[in-house]
Amino acid sequence: MRITGDGTTGGTPVRSGTGPYPLHGGAVGSAHRQPESTPVGPVDGEPAPEQVGYRGPTACAAAGITYRQLDYWARTGLVEPSVRPAYGSGTQRLYSFRDVVVLKIVKRFLDTGVALQNIRTAVRHLHDRDLADLERMTLMSDGATVYECTSPDQVVSLLQGGQGVFGIAVGVVWRDVQSALSQLHGERVDTGETLVGHNPTDELAARRNRAV
């Protein structure tokens, strides 16, 4: 699918095995969001992904952005926390795993000069897709248009056509965020319980202290 700044594509793309698919601004809003079906962490004894939220500072650390960026994107509706928005002073935004992945992707798009209007459409598209779809998706862009590729052949097709200048393998971003969040604190949405991340550095320091 393709994203264009004016919301047009010059035709309706048809999904087939050939792709790539140019993201279209008008089409994504009507896409059906599938359930969060793919776990992003250990299953045994762990809450399901949709039961875990991450506070702003944690989301920033995992996505590689500043709190100022996070706050601005939330206030302008670019990337809003899907678990819990801020309701004024004293409340904490809670971001889902998917939100943090999207935050990291937005940062990369902005760093490479993709138009903000196209980024907004890409964000809606990413939120509408099933988690399993995101893991195997590659987003390619020439700065003016963003394409979704789901196979290496589609990526090669774009590159050969001169349309793909850079690409973001969403699965790689996914795994980077998953690794970062596993070492940070989360919060159970239902109970508010703090979920302490596993930090190998802390464990190594503890072992050294015990040895002394």
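Tutor: Let us begin with a term that we need for the sheet: two strands pair if DSSP finds at least two bridges between them. Please keep in mind that this is a predicted model.

Student: Let me step back a bit. How many helices and strands does the protein chain have?

Tutor: The secondary structure comes to nine helices and nine strands. The protein chain has 212 residues, and buried residues make up 42% of them.

Student: What about the largest nonpolar core, how many residues are in it?

Tutor: It has 39 residues, and those with the most contacts inside it are Val100, Leu103, Ile105, Val106, Phe109 and Leu139. Several elements give two or more residues to this core, including α2 (56-63), α3 (67-75), α4 (97-111), β7 (166-169) and α8 (170-182).

Student: Which one gives the largest share?

Tutor: The largest share of this core comes from α4, which gives eight residues.

Student: Then what does Val100 touch, if we skip its neighbours within four places in sequence?

Tutor: With those neighbours left aside, Val100 is in contact with Ala59, Ala62, Ala63, Tyr95, Val177 and Leu181. Apart from this core there is another one, of five residues, among them Met140, Cys149, Val155 and Leu158.

Student: How do α4 and α8 cross?

Tutor: Their axes come within 9 Å and cross at roughly 120 degrees, and that angle makes α4 oblique to α8. The crossing of the two helices is right-handed. On the α4 side the contact residues include Phe97, Val100 and Ile105, while on the α8 side they include Val173, Trp174 and Val177.

Student: And α3 with α4, at what angle do those axes cross?

Tutor: The axes of α3 and α4 cross at roughly 100 degrees and come within 12 Å. Angles of 65 to 115 degrees count as roughly perpendicular, and α3 and α4 are therefore roughly perpendicular to each other. Their contact is made by Gln69, Leu70 and Trp73 of α3 together with Leu103, Val106, Lys107 and Leu110 of α4.

Student: Switching topic: how many bridges join β5 to β7?

Tutor: Four bridges join β7 to strand β5, residues 138-141, and the two run antiparallel. In this pairing, Ser141 stands opposite Phe166 of β7.

Student: Which residues are on the covered face of β7?

Tutor: Phe166 and Ile168 are on the covered face, whereas Gly167 and Ala169 are on the uncovered one.

Student: Last one: why does Leu159 count as partly exposed?

Tutor: Partly exposed lies between the cut-offs of under 20% for buried and over 50% for exposed, and Leu159 counts as partly exposed because its relative accessibility is 47%. Leu159 lies in helix α7, residues 152-160, and its C-alpha atom is separated by 9.8 Å from that of Asp142, which is 17 residues apart from Leu159 along the chain.

Methods: Residues numbered from 1 in each chain as written. Predicted model: local features only at pLDDT ≥ 70, side-chain atom pairs only at ≥ 80, totals over all residues. Heavy atoms only, no water. Core = buried A, V, L, I, M, F, W, Y, C linked by side-chain atoms within 4.5 Å. Buried < 20%, exposed > 50% of the residue type's maximum accessible area, 1.4 Å probe, protein only. Contact = heavy atoms within 4.5 Å. Axes fitted to C-alpha atoms, helices over the stretch in contact; angles between N-to-C directions. Parallel < 35°, antiparallel > 145°, perpendicular 65-115°, else oblique. Left-handed = near helix turned anticlockwise from the far one by under 90°.
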